[in-house]
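Got your viewer open and a selection tool to hand? Here is a short walk through a structure, one stop at a time.

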Amino acid sequence: MIYSVHTGNRRNGKGRLDLETGDYMRDTSTVDFMKRLAKGLAAQFGEDCEVVIHDLESENMDDTIVAIENGHVTHREIGSGPSRIVLEALKTPPEELTDHYDYLTKSSDGRLIKSSSIYIRNDEGKPVGLFSINYDITKFAMAETTVKNFLHVAPQSSEPERIPRNVNELLDELIENAVRHVGKPAPMMKKADKIKAVQYLKENGAFQILKSGDRVCKLFKISKFTLYNYMDSADTES
């Protein structure tokens, strides 16, 4: 059972000894706290959150659940039997048992459950109980699928295109792309690089923007005459 053992001031994890009768009496303080914690978590996270407490020292393995909140999630109730992790605890040495967090399970009717299970140990480290949180995430999984389908786009080999607020931003972006296309900053460009950049701007419609030529000439430190030559040139020699 989930309790602590007292013999005078000594605790051994098996119960509380009545010194007058010699009988063990169940200490309900741990169980009471766990039940209140279960109720609090279920209230905090709503009806899709099941919280269940298993007694790992139950004499009847068909009856390990001593407390449960929102049992409709997995269709269980007080007195129901163990889960796989409970059976694992019973056959595994205590020192090898570790708590399990954030893993997926399924209910008997196929709903997707996100679970975490924490061992309740006595003073000697022996697991005497299991505190499990099972959250039904089926609706979230369905919503995720819907969102993924909505966000699906055809495969792209480049970054998503930015939508400019005005023509000045559009020209800035085209110039940035031209520099990126060449692969070196404007002050380091030779003639062939500048021709390549100007050709890129021409092909992408940059010179349809008013006064774009002035911006390009200033960036590449060339004259308008040179710019027109570059726009018409196929020469890529330095």
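The stops below go through a predicted model, from its cores to a hairpin and then a pair of rings.

**Stop one: the largest nonpolar core.** Select A197, V198, L201, V216, F220, I222 and L227; among the 21 residues of the largest nonpolar core, these touch the most other members. Now colour helix 4 (167-182), helix 5 (191-203), helix 6 (212-220) and helix 7 (224-232), the elements that each give two or more residues to this core. Next, centre on V216. Leaving aside residues up to four places away in sequence, V216 touches V198, L201, F207 and L227.

**Stop two: another core.** Select A38, A42, V51 and V66, which are included in a second, separate core of eleven residues. In soluble globular proteins, nonpolar side chains tend to gather in buried groups.

**Stop three: a hairpin.** Show strand 7 (residues 100-106) and strand 8 (residues 112-121), which pair in the antiparallel sense over five bridges. Pick T105 and you will find I113 of strand 8 opposite. Between the two strands of this hairpin lie five residues, and G110 has a positive phi near 90 degrees. How many of the seven residues in strand 7 are buried? The count is zero, and strand 7 is hardly covered.

**Stop four: two rings.** Finish with Y135 and F140, which form a tilted aromatic pair, 6.4 Å centre to centre with 45 degrees between the planes. The count of aromatic pairs comes to one.

Terms used
Residues are numbered from 1 along each chain as its sequence is written. This is a predicted model: local features need pLDDT of at least 70, side-chain atom pairs count only at pLDDT 80 or more; totals for chains, interfaces and linings use all residues. Side-chain values use heavy atoms; hydrogens and water are left out. A nonpolar core is a set of buried Ala, Val, Leu, Ile, Met, Phe, Trp, Tyr and Cys residues joined through side-chain atoms within 4.5 Å. Buried means under 20% relative accessible area, exposed over 50%, partly exposed in between (1.4 Å probe, protein chains only). Helices (H or I, at least four residues) and strands (E, at least two) are DSSP runs, numbered from the N terminus. Contact means heavy atoms within 4.5 Å. Two strands pair if DSSP finds at least two bridges between them. Rings of Phe, Tyr and Trp (its six-membered ring) pair if their centres lie within 6.5 Å; planes under 30 degrees apart count as stacked, over 60 as edge-to-face and the rest as tilted.
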